[in-house]
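Trainee: Mind if we go through a few loop residues together? I'd like to see how each call is reached.

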Amino acid sequence: AFGRARGELRRATALARELVASSGAPVPVPRFVDVAGARFLVRTSCCLIYRAGGDLCTSCPRRPADQRRSLLERAAPDFR
């Protein structure tokens, strides 16, 4: 969101990767996917919020890839 707001999406994406790499924390390097002109984080795990009675998140890795992409395409106009 910060990169979009500043018009520096590529730089913000690179900085996110650098931040994680430099932290030394045992977490995966962030990966991103561009869908319909918007950039989204590729999630590697489910937050399990759906277990509280809701639905899976739009970008949930538990969703089939084609369904996730379709939902991200619908959300893309809000993230450009």
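Trainee: Where is Ala36 found?

Mentor: Helices (H or I, at least four residues) and strands (E, at least two) are DSSP runs, numbered from the N terminus. On that scheme, Ala36 is found in the loop between β1 (32-35) and β2.

Mentor: Before going on, this is a predicted model: local features need pLDDT of at least 70, side-chain atom pairs count only at pLDDT 80 or more, and totals for chains, interfaces and linings use all residues. Residues are numbered from 1 along each chain as its sequence is written, and side-chain values use heavy atoms, with hydrogens and water left out.

Trainee: What is the phi of Leu48 near?

Mentor: Leu48 lies in the loop between β2 and α3. Leu48 is a residue other than glycine, yet its phi is positive, near 70°.

Trainee: Is Ser59 buried or exposed?

Mentor: Buried means under 20% relative accessible area, exposed over 50%, partly exposed in between (1.4 Å probe, protein chains only). Ser59 has a relative accessible area of 19%, so Ser59 is buried.

Trainee: Which side chain does the side chain of Ser59 make a polar contact with?

Mentor: A polar contact is a pair of N or O atoms within 3.5 Å; within protein, one must be able to donate a hydrogen and the other to accept it, and residues adjacent in sequence count only if both atoms are side-chain atoms. At 3.3 Å, the partner of the Ser59 side chain is the side chain of Arg43.
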